[in-house]
Amino acid sequence: MIIAIDGLAGSGKTTAGKGLAKAIGFRFISSGQLYRFKALEPDVDLLEAIKEHKLKIEWDVEWEGKDISAELQREEIGSKASQIALLREVREEVNNVLRFVAEGGNYVIEGRDIGTVVFPEAGVKFFLTAEEGVRARRRAEQVGEEVNIAERDERDKKREIAPAKAAEDAIIIDNSYQSVEETIKEMEGRLPKDEFDFQRFLQYVLGPPVRGLFRIEVVKSHPLKYGRWILTPNHTSAWDGVCLAAVLQRSAYYIAKAELRRILGPLLSILNAVTIVRDTPDLKAIKAIRALLTKEKIVVIYPESKIFTDGIMGPFKEGAFYFLRKRMAPVVPVVIKGLERITVNTFFTRHVRIAFLDPIYPIDVFGLRENDISDKVKRLMVNAYESM
C-alpha cells in the first residue's frame with residue numbers, strides 16, 4: 001500500500017508522515033530529500049545507485065553507507081534543490097526512483113505531487129494544510145530564519161511542472177490547531193479497514209482463550225493492521241497456524257497443500273485458505289496469491305512446506321520468496337517456539353513465544369536470486385529461534 005502525503009511548505013508533512021509510518025509499521029520516504037541529494041550529487045544516476053545498493057532513501061538518506069541526512073538540510077542544498085526541481089528531466093528521474101523503490105512495498109511517501117503525479121493510484125491520499133501564519137512560524141523554526149511563506153506558496157502552486165495541489169480524491173486535513181499526535185491519529189483513523197469476515201470473528205472469539213491456553217508471548221511484534229504482507233512462519237505443529245491467528249489483528253490467508261481438500265473440504269475456504277499443488281508451478285494458486293496481495297491482504301506461506309516437530313528447521317522452499325523477488329509484497333519472517341513435540345501430556349504446559357522479525361522489502365533483495373533470499377531468511381529465522 002502506498003499512502004501519499006502532499007501539502008504546502010510548513011504543513012507538517014514530514015513529521016506527520018514519519019509518525020504515521022512508525023505507528024503502522026510502514027517505511028517512509030521524503031521526495032524532497034531525493035531532490036536535495038540530486039542537488040548535492042548532480043552526476044549520480046539515482047536509479048543505478050539504488051539498484052547497486054549505494055543509495056538508500058527510506059527514513060533517512062544514506063550514500064555509500066553514510067547517513068548524509070544532516071548534510072542535505074544545509075540551506076545552500078535546499079536552494080539548489082528548489083531550482084533543479086523545476087527541471088522536467090530531474091522530476092522524471094526522481095519520480096521513476098520513487099516508483100521503483102516503492103513497488104511491492106508498504107510506504108508512506110510525502111512531497112508536493114505524490115498523490116497527483118507520482119502515485120495517482122495510491123491507496124490513500126492526504127493533503128495537509130494550515131493557516132499561512134502557522135506554517136510560516138513552523139518553517140522559521142525548522143530552518144532557523146524567517147521565510148516568506150506566501151511567496152513560496154505562490155511559486156509551488158503556479159509552477160508549470162507538478163504544481164502543489166490536492167488530488168481530487170485526497171483527504172484534506174487542516175492541522176493549524178492540531179498537535180502532531182492528533183494529526184497522526186486522524187490520518188490513521190482515515191485508513192481503510194478490512195471487512196469483518198468469519199476468520200476475524202473466530203480470532204475475536206477464540207483468540208483470548210487460545211492465547212491463555214498456550215501462554216502465548218509475543219517477544220517481538222510488528223504492526224500488521226494495514227497493507228500487504230507475506231508472513232513466513234516456521235512449521236513445528238498443526239497448532240502454530242492457530243497460535244499465529246490468535247495474535248494477529250487481521251484475517252490472514254493461509255497457503256495449504258492441495259491434499260487437504262480431501263480432509264477439510266469447504267472448511268478451507270471458510271478459513272481463508274488457498275490450496276496449492278506442491279513441487280509444481282501451480283499457476284492458479286500463484287494468480288490467487290497475487291490477487292490477494294493486490295487487495296492489500298496478509299498471506300501466510302510456510303517456507304518449510306511441512307511440519308518438522310523437533311524444532312530444527314527443514315529445507316526452505318522458494319515459493320514465498322518468488323513473490324518477494326517479483327516485487328509483490330514485503331516478507332515478514334515469523335518465528336514460533338514452544339510447540340515442538342507436542343503430546344497429550346505436554347499440551348497444557350506450553351509456553352509459546354512468537355517473534356515477528358523485521359520486514360524484508362523487495363528493494364532490500366534486489367539483484368538476489370530466490371535461493372539466495374531463501375538462505376538469508378532462513379539464517380535470520382534460525383538465529384532468532386535459537387535466541388528465544
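**View 1. Helix 2 and helix 5 (residues 75–84) have axes that come within 8 Å and cross at roughly 100°.** Axes are lines fitted to C-alpha atoms, for helices over the stretch in contact, and angles run from 0 to 180 degrees between N-to-C directions. Helices (H or I, at least four residues) and strands (E, at least two) are DSSP runs numbered from the N terminus. The model is predicted: local features need pLDDT of at least 70, side-chain atom pairs count only at pLDDT 80 or more, and totals for chains, interfaces and linings use all residues. Residues are numbered from 1 along each chain as its sequence is written, and side-chain values use heavy atoms, with hydrogens and water left out. Helix 2 and helix 5 are therefore roughly perpendicular to each other (65 to 115 degrees; under 35 is roughly parallel, over 145 roughly antiparallel, the rest oblique). Tyr-35, Arg-36, Lys-38, Ala-39 and Leu-40 of helix 2 meet Ile-77, Gly-78, Lys-80, Ala-81 and Ile-84 of helix 5; contact means heavy atoms within 4.5 Å. These residues divide into 6 nonpolar, 1 polar and 3 charged (Ala, Val, Leu, Ile, Met, Phe, Trp, Tyr, Cys and Pro count as nonpolar, Asp, Glu, Lys and Arg as charged, the others, Gly among them, as polar).

**View 2. Helix 11 (residues 198–213) and helix 12 (residues 240–247) cross at roughly 110°, with axes that come within 8 Å.** Helix 11 and helix 12 are therefore roughly perpendicular to each other. On the helix 11 side the contact uses Gln-203, Gly-207, Val-210 and Arg-211, and on the helix 12 side Val-242, Cys-243, Ala-245, Ala-246 and Val-247. The contact residues comprise 6 nonpolar, 2 polar and 1 charged.

**View 3. An open sheet of 5 strands has the order 2-6-1-7-8 with parallel pairing.** Two strands pair if DSSP finds at least two bridges between them. Strand 2 (27–30) and strand 8 (171–174) stand at the edges with a single partner strand each, so one side of each has no neighbour in the sheet. From one strand to the next, the twist averages 20°. Strand 7 (residues 124–129) pairs with strand 8 in the parallel sense over 4 bridges; Thr-129 has Asp-174 in strand 8 as its bridge partner.

**View 4. Helix 1 (residues 13–24) packs on the sheet, touching strand 1 (2–7), strand 2, strand 6 (107–111) and strand 7.** The direction of helix 1 makes about 180° with that of strand 6. Helix 2 (residues 31–40) lies across strand 2 and strand 6, and runs at about 50° to strand 2.
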